[in-house]
Amino acid sequence: MRTKSVGKKKINIVTLGCSKNVYDSEVLMSQLKANGKEVVHEDKGDIVVINTCGFIDNAKEESINTILDYVDAKNRGEVEQVFVTGCLSERYKPDLIREIPDVDQYFGTRDLPLLLKHLGADYKHELVGERLTTTPRHYAYLKISEGCDRPCSFCAIPLMRGGHVSTPIEKLVSEAQKLAKKGTKELILIAQDLTYYGLDLYKKRALGDLLKELVKVEGVEWIRLHYAFPSGFPEDVLDIIREEPKICNYIDIPLQHINSELLKSMKRGTTHEKTDALLSKFREKVPDMAIRTTLIVGYPGETEERFQELKDWVREQKFDRLGCFTYSHEENTSAHVLEDDVPQEVKEARVEEIMEIQSQISWEKNQERIGKIYKCVFDRKEGNYFIGRTEYDSPDVDNTVLVAADNTYISIGEFANVKITAAEEFDLYGELI
């Protein structure tokens, strides 16, 4: 058993879940460092802070298992204190206190000042916009708003994150400038809903206004858009994407399904016809745009016929990037009153069917890239390859470009032109030009 440390205690931040949680952990780490605390990310420490996810069953299970692992480590004397924060803690705090009482303290998503106090630190207002980034230096997430006002029937995010609150443009520009000075070249804009940005502050959808200011930040070469809600999408953004070379020809727009009856039940505010019209507008305005989407299968009422409609639509649309998830029956959401009538094994089989279709689409699209030259940024080296991405690919979720390291050196975080020489379903192979 390790004895308690007498000197300065090291605080280990453990992040689970989505990029919004990564961002929140980075803010926490910056605050702790400014208070003179020694802080690490997912390393060894005397004190552990677990930033949890509570979105769907798999994420909740991972969060709970992580908490239990660190509680066991505490009981063995390997760590001194365990604190839990984030979405799971916000949503299930009373249950967690009852079921896992050995955690020293639980905090919600809006309890940063209180968490800092328990860690012997003060919340420093002058540090707003400062972060200790955990991503590679050359790219960073820029969270432009918090919370969500959408009524989606399957989603518990508003329960955990609250209503939509936009961050003012001037603060985001300042944050982007600070990141650029530290070497960030790619900004990945994130929110629960990019589409809604600005309505609370400026009484209009102001994503386009924000983009016009961010492209002025020196040092930033790529700006990427994640999590744009389809209903009410501000079409002026498409013109800005087309006209501004810094903004990647890429958009992540979670469409979830295509059957109009299911979309109505999901409270998505759109239909099959409206969705197709929006995608046509995207491709008309930005012909070179890579469209990423995510789908949910097994939602209550998804009959074989409705699932077949979804499959046919995926084949028809030929999305550049696509992820698919099984429906999770979440308590306190409006869909929870519906019968969860699709068996789990059927849900999982449907995910496999969708991803098999997408795998073929991705292979065909990648074959078309052979012989073409793309500007790529290189994120890391693995084995005998440098691993990079085109503007059509976001880190960790999309395709990669592999360049053999034999007789070739590429600086991590740098851009280079690559000629594609071979392609698989989700990887491209190339050589420097």
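Modeller: A pocket, as the word is used here, is an open set of grid points with protein on both sides within 12 Å along at least five of seven lines. The model in which this one is found is predicted. The second largest pocket has a volume of about 950 Å³.

Its position follows from the domains. The domain assignment divides the chain into domain 1 (10-126), domain 2 (135-368) and domain 3 (372-432). Because domain 1 and domain 2 both give residues to the lining, the second largest pocket lies between them.

The lining of the second largest pocket consists of 38 residues, and Y23, D24, V27, K143 and E146 lie nearest its centre. By class, the lining holds 13 nonpolar, 14 polar and 11 charged residues. Two or more residues come from each of α1 (19-34), β4 (81-86), α4 (112-118), β7, β8 (165-166) and α6 (169-181). Of these, α1 gives the most, with 7 residues.

Strand β7 (residues 145-146) also contains S145. S145 counts as buried because its relative accessibility is 2%, and the cut-off for buried is under 20%. Leaving aside residues up to four places away in sequence, S145 touches H164, V165, S166, T167, I190, A191 and D193.

Note on methods: Residues are numbered from 1 along each chain as its sequence is written. This is a predicted model: local features need pLDDT of at least 70, side-chain atom pairs count only at pLDDT 80 or more; totals for chains, interfaces and linings use all residues. Side-chain values use heavy atoms; hydrogens and water are left out. Domain bounds come from an automatic or database domain assignment. Helices (H or I, at least four residues) and strands (E, at least two) are DSSP runs, numbered from the N terminus. Buried means under 20% relative accessible area, exposed over 50%, partly exposed in between (1.4 Å probe, protein chains only). Contact means heavy atoms within 4.5 Å. On a 1 Å grid over the protein atoms alone, a cavity is a set of points where a 1.4 Å probe fits but cannot get out, and a pocket is an open set with protein on both sides within 12 Å along at least five of seven lines; lining residues have an atom within 4 Å of a point. Grid points are joined across faces, edges and corners, and a volume is the space filled by probe spheres set on the points. Ala, Val, Leu, Ile, Met, Phe, Trp, Tyr, Cys and Pro count as nonpolar, Asp, Glu, Lys and Arg as charged, and the others, Gly among them, as polar.
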